[in-house]
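Please walk me through this structure in plain terms, starting from a charged pair and moving on to the sheet, the helices and the core.

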Amino acid sequence: MIVDDEEVKVEETTSTRKVKGRGAEEDGRYAGKSGLFERLGDDDEVGPARSIEGWVILVSGVHEEAQEDDIFDTFAEYGDIKNLHLNLDRRTGFVKGYAFIEYETKGEAQKAIKAMDGTELLEKKVSVNWAFAKSGGGRRKK
């Protein structure tokens with residue numbers, strides 16, 4: 001094979017083909033503050049967290065034959081109940097063993113937790129605590 005020392009000119013053609021997927025040019029659609037979200041309140045706080053409409057407590061250890069009225073009447077002594085969720089097992093139709101109760105103010109929810117935690121409701125000991133809590137860990141590392 002014989003190679004000349006002459007320079008060989010290669011014609012470069014520009015293509016107007018549109019590239020999709022990987023390797024496509026950067027068009028700026030994804031530029032900006034991706035992954036940065038707004039925060040609610042102080043990041044350093046630890047304790048109960050407010051839901052959208054009120055303060056939610058979790059009652060666990062609820063008797064399987066409990067009715068909504070039993071729980072509502074017992075917990076209504078500590079404040080105005082905005083919402084009460086008592087989930088049932090689809091197969092048996094009995095209560096799953098827990099309930100969510102939502103109060104308007106934090107004080108009402110705290111009174112209910114202090115008064116009812118560890119007490120008996122329908123011959124079964126119940127545990128009452130905040131349903132949502134702030135972790136207080138601060139910002140995540142990138």
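In this predicted model, Glu104 is partly exposed, with a relative accessible area of 39%. That value falls in the partly exposed class because buried means under 20% and exposed means over 50%. Lys82 is likewise partly exposed, at 36%. The side chains of Glu104 and Lys82 form a salt bridge, with 3.7 Å from N to O. This pair links distant parts of the chain: Glu104 sits in the loop between β4 and α2, while Lys82 belongs to strand β3, and the two are 22 residues apart. The count of salt bridges comes to one.

Strand β3 leads on to the sheet. Four strands make an open sheet in the order β3-β4-β2-β5, and their pairing is antiparallel. β3 and β5 are the edge strands and have a single partner each, so one side of each is left without a neighbour in the sheet. On average, neighbouring strands are turned by 20° against each other, direction ignored. Strands of a sheet pair through backbone hydrogen bonds. Between β2 and β4, the antiparallel pairing extends over six bridges. Val59 stands opposite Ala99 of β4.

The helices come next. α1 lies across β2, β3, β4 and β5, and runs at about 145° to β3. α2 packs on the sheet too, where it touches β2, β4 and β5, and its direction makes about 150° with that of β5.

Which residues of α2 are buried? In this helix, which spans residues 106-116, they are Glu108, Ala109, Ala112, Ile113 and Met116. These residues lie on the same side of α2, because they cover an arc of only 135° around the axis. Their cover includes β2 (55-60), α1 (68-75), β4 (95-103) and β5 (127-130). Just after α2, Gly118 takes a positive phi of about 85°.

The last topic is the core. The largest nonpolar core has 23 residues, of which Ile57, Ile71, Phe75, Ile101 and Tyr103 touch the most other members. Two or more residues come from each of β2, α1, β3 (81-88), β4, α2 and β5.

Key. Residues numbered from 1 in each chain as written. Predicted model: local features only at pLDDT ≥ 70, side-chain atom pairs only at ≥ 80, totals over all residues. Heavy atoms only, no water. Buried < 20%, exposed > 50% of the residue type's maximum accessible area, 1.4 Å probe, protein only. Arc of directions from axis to C-beta. Contact = heavy atoms within 4.5 Å. Core = buried A, V, L, I, M, F, W, Y, C linked by side-chain atoms within 4.5 Å. Pairing = 2+ DSSP bridges. Axes fitted to C-alpha atoms, helices over the stretch in contact; angles between N-to-C directions. Salt bridge = Lys/Arg side-chain N within 4 Å of Asp/Glu carboxyl O.
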